[in-house]
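Subject: Structure handover

Hi,

Here is the structure we talked about. Please open it alongside this note. My findings follow below.

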Amino acid sequence: MIAPKIRFPEFHGEYVNDSLSEISDRVRRKNSDNQTDIPLTIASIEGLVDQRTYFGKTVASKDMSGYYLLQNGEFAYNKSYSKGFPVGSIKRLDKYAQGALSTLYICFALKDDADVTSDYLVQYFNSPAWYEAVNEVCAEGARNHGLLNVSPDDFFATTHHFAPTKEEQDKVAAFLSLYDQKIENQMAKVEALEIRRKGLLQQIFSQEIRFKADDGSDFPDWDSVIMEDAFDSISDKNHPDKTVLTIIQGQGTIPRDESDRNISYNKASIPTYKLVKENDFIMHLRSFEGGLEVATREGIVSPAYTILRNKVELVPDFYRYYFRSSSFIVEKLTGITEGIRDGRSINMDDFWLLEIPYPSIPEQRKIGQFMDLINRQIRIEKDKLEAIKLVKKGLLQQMFV
């Protein structure tokens, strides 16, 4: 008998088999008269969203008259695979009345007489069950190119197993949507904390907020120092026995072998890699995008990086936050970049002359400790978010077949 591992006790009967062609019709209507100016893209959590708000820009063509016109409640299949979505993803348009979508997507609408509900399908398309069906029609080797070779005919011919009654489908969808709401609420909490952190960093480094010593007295006025007086550039090579590290934005350094990134490198070049020690700062010529990272352990990194080691007394935690703040990235680094768009890089002659704040060591330490507390709070809430997602993932695995 075909049935899921977890099922509401009041429901019985074998799950039914349906192909996508039996329950849906392909949508090919075009945005011929530019009925909508919303360029859609698929986001893993948010679903079908406006490119302009999701990316901060549009990557669609200026003329979208050749795009599909998707209506609210209709679905789209993105054949591009990504982390967590090995055979692409299907999302329903919920946020807008309509939108324009590239013809690389396969779009479809549920038939009026379909024996499956739309909300149930939304949850089903997030489950591993549908992945297995689509995976069978993915051409071998296509994944290497990022775009899966799934023809519309094969896609609509895939067979799926659904709960036999709409009553059961509705209960499954309503139950799982409770976790979607929990995830959404927790994401909002994390986002609010991150906005608060960003605001605090701006206020701290602009000195709108000042800290006091433990005895209640004021700290002295901040001094400043130029980069070349505060740091040396380190190029210590020929350490092939050391762990090869990769730099994770916002997290520091981790062993490359433990990274989930597929990073290839020529092991013969390892002797040219640079040694970093804990609390060294690591800069790429394109670090104006996300600031400098701090080494959280000893190891070696690509020679493409500049290694900065302090030659004056300082508190690494203070500068870890400063070098990733808008006070540094926006107000300092962007003013010394050369080139345009993706070709931009930092002018190192100007970089060494940058003036950076140099508060007293006790105040540096207090600021670093305070921001560590904020970061710890954010980490706790992120861990809660991941825990809810894990529960939802387990339910998706066990409530569909």
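A polar atom of the Gln-169 side chain lies 3.1 Å from the backbone oxygen of Asp-115. This is a predicted model, so please read the distances that way. The Gln-169 side chain also reaches the backbone oxygen of Ala-163, at 2.8 Å.

Where does Gln-169 sit? Its place is in helix 6, residues 166-205. Is Gln-169 buried or exposed? Gln-169 has a relative accessible area of 0%, so it counts as buried, the cut-off being under 20%. Leaving aside neighbours within four places in sequence, Gln-169 is in contact with Asp-115, Val-116, Thr-117, Tyr-120, Phe-162 and Ala-163.

Next, Val-312. This residue is in the loop between strand 19 (306-310) and helix 8 (316-322). Val-312 is partly exposed, with a relative accessible area of 25%. Not counting residues up to four places away in sequence, Val-312 touches Asp-229, Ala-230 and Tyr-358. Val-225 is 87 residues from Val-312 along the chain, and their C-alpha atoms are separated by 9.8 Å.

Last, the surface. Which residues form a nonpolar patch there? Tyr-54, Phe-55 and Val-59 do, with about 300 Å² of accessible area together. Phe-55 lies in the loop between helix 2 (51-54) and strand 5 (68-71). Its relative accessible area is 42%, so Phe-55 is partly exposed: the class runs between under 20% and over 50%.

Best wishes

How values were computed
Residues numbered from 1 in each chain as written. Predicted model: local features only at pLDDT ≥ 70, side-chain atom pairs only at ≥ 80, totals over all residues. Heavy atoms only, no water. Helix = DSSP H or I, 4+ residues; strand = E, 2+ residues; numbered from the N terminus. Buried < 20%, exposed > 50% of the residue type's maximum accessible area, 1.4 Å probe, protein only. Polar contact = N/O pair within 3.5 Å; in protein donor to acceptor, adjacent residues only side chain to side chain. Contact = heavy atoms within 4.5 Å. Patch = residues over 30% accessible without salt bridge, like charges linked within 9 Å, V, L, I, M, F, W, Y side chains within 5 Å. Areas by Shrake-Rupley, 256 points an atom, 1.4 Å probe, with all protein chains shown as cover. Salt bridge = Lys/Arg side-chain N within 4 Å of Asp/Glu carboxyl O.
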